[in-house]
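Take a look at the structure below. Where do its chains meet, and what lies inside?

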Amino acid sequence: MFQQNELIKKKYVTERLVKAILGLMTFALIIPTLLILGTLVVKGAPAISFDFIFTYPEKGMTAGGIFPALVGTIWLVVISLLLTCPLGIMAAIYLSEYAPDNKLTRMINLAILNLAGVPSIVHALFGLGAFVLFFKFGTSILAASCTLAVMNLPVVIASTRESLQSVPQSFRMASLNCGASRWQTIRYVVLPNSISGILTGVIFSVSRAAGETAPILFTGAAFYLPFLPSDVFSQCMALSMHLFTISTQVVGVPDSYPYATALVLIGVVFLVNTISVGFRYYFRKHRKW
Amino acid sequence: MNLTDVTQKRGAISDMEKSKNNVKEILRKKRNVISSEKMIETFIFLCGISSILFIFSIFVFIFKEAYPFLSTRFELKEFFLSPQWMPNGEAKVEYGGMALLMGTVAVTFVSICLSVPLGMGAAIFISEFCPPRLREITKIIIESLAAIPSVVWGFIAITMINPLLIAVFNIPVGLNVLNAGIILAFMSIPVIVSLSEDAFRSVPTSFIEAGYAMGATRFEVIRRVIIPAAKKGLIAAILLGVGRAVGETMAVLMASGHSIRIVSSVMEPTRTLTATIAAELGESPKGGEHYQALFTIGLALFTISFIINFLASRLIGKKRRGKKG
């Protein structure tokens, strides 16, 4: 047998020590996270009721519900999705199926990475300069949704590209060998086989759009509106904006009100994320290859 | 040759003509398919280059709004060296961005000091030491950090970290550099963890096996083999963590305490570049000097994020190429 000399013993002591330290570090991350989420749930949950979700804010936003904010968020998310999805999916198809390995493609990749890294407030400035002022949408749902759409574009492109590339190359070869054209192959073979992954990414981008505040701050969200938006050219309230307002701008808000709003916002985001993860899990299990 | 033969031949000829026509028909159809396919492909190509278009137009539109200020009022020396940001000052209007820049640097520095060691430690633990079941749970919890919207982080800073800092350090207000740094650390940790994990995973198994074959312990393999091999990916992870911290707006606006000054300790409130835009754009008249100055800050932020992302992409890209060759 190998003899356990001093050196080796020392090595194993260090090993155990390192493992303990790293484990502690991980738990130093996990415990505060759980505490934070726990506090939000404990303090927010009692205030959430049917009335809270389906009534308007009252008394200068110190009481009442969050209904217009919730509706506004849905407007923003749906319209931004309608804009991002076709564009993002097409862009991903280009990158995954057509793009040759050249300078232009590298530039596109760099642009996508950059677009993902541009600070949200810079997106807000862009939205203000381009959609609100230049295209004359005014501060409206449309302008805010366009801003969110540009912001979400890299997310949709990245996830779509990944799921397109997970379709085996042999599927494409088989289809091309049957005489199908490139687009026919994409339309009838690649897309149907990757639609689940694409949907997962799209749903994930919903959660991002729902949570953003800075990009809609100057492009379409209002502090308070006593009515629901009627079309895409009207302003709207948004959950994230509402939480910002009641936790910093309005005085005399009872403690439970912002907690409950935060919990609803996180609830929406997590729910959407869970759906997306569930989707991915389901389709991975039922994959044909 | 009799009559039936001739008619048969004629039939054959007309058959041939028919099939010729058929071929023509098929070719015509095929041409249609090809031309419609060309159209679709052009459309897809246009969508493909849309990201370049967007990045370019972000720059153009922000530059367009900032240009009047840049061409007249703007002084490089004032913008970078004066700590006085007084767009509405009564005696003197000054646009010194140094205090704001220092605010961003201070907050980012604190957050990086917290998030890099914790994030890397957690990434190593998750990818190398963690039992599989615990790994799944840990990853879900850390990824859920990324899903929390930034305004909720701001709310957490005000309602949870603020009282905690007041109680621990015995200070009157807990909205300061440290608070913002802690919040930003939480926000950039998922980025750092997942990117470092990717970097660790991309180290070839043969390297690791070679390390074990030499009789190294796990820790020795991590320190001498995995970390050096994953170095570029790790630097990219840190860079993107920095990018996240520099660009974060709402959480920092709510957590940092709103006071323009050059900070001397982490217990002082401050104001960052991003927070200044968010706080002041609403009240600055459109097209005014103040408004243009805020777009100039936006331009600076855009440039910073561009540089960070460019460097990170170079690091990640090189690593990939290295693996291929």
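Predicted model: local features only at pLDDT ≥ 70, side-chain atom pairs only at ≥ 80, totals over all residues.

Start with the two chains. On one side, 67 residues of chain B take part in the contact; on the other, 66 residues of chain A do. Helix H2 of chain B, residues 50-71, gives the most to chain B's side, with eleven residues. That side has 45 nonpolar residues, 17 polar ones and five charged ones.

Now follow H2(B) to a partner. Helix H5 of chain A, residues 120-134, packs with H2(B). Two packed helices are described by the angle between their axes and the distance between the axes. Here the angle is about 75 degrees, and the axes of H5(A) and H2(B) are 9 Å apart. An angle from 65 to 115 degrees counts as roughly perpendicular, so H5(A) is roughly perpendicular to H2(B).

Which residues make the contact? H5(A) brings Val122(A), Leu125(A), Phe126(A), Gly129(A), Ala130(A) and Phe134(A). H2(B) brings Ser57(B), Ile58(B), Phe61(B), Ile62(B), Lys64(B) and Glu65(B). By class, this contact has eight nonpolar, two polar and two charged residues.

Among the buried residues are Leu239(A), His242(A), Phe244(A) and Ser247(A). What do the buried residues of H10(A) pack against? In chain A, they pack against helices H3 (67-98), H8 (182-211), H9 (214-217) and H11 (256-285). In chain B, they pack against helices H6 (150-169) and H11 (250-255).

Technical notes:
Residues numbered from 1 in each chain as written. Chains lettered and ligands numbered in written order. Contact = placed C-beta atoms within 7 Å. Helix = DSSP H or I, 4+ residues; strand = E, 2+ residues; numbered from the N terminus. Nonpolar A, V, L, I, M, F, W, Y, C, P; charged D, E, K, R; others polar. Axes fitted to C-alpha atoms, helices over the stretch in contact; angles between N-to-C directions. Parallel < 35°, antiparallel > 145°, perpendicular 65-115°, else oblique. Buried ≥ 20, exposed ≤ 12 C-beta atoms within 10 Å, placed from the backbone.
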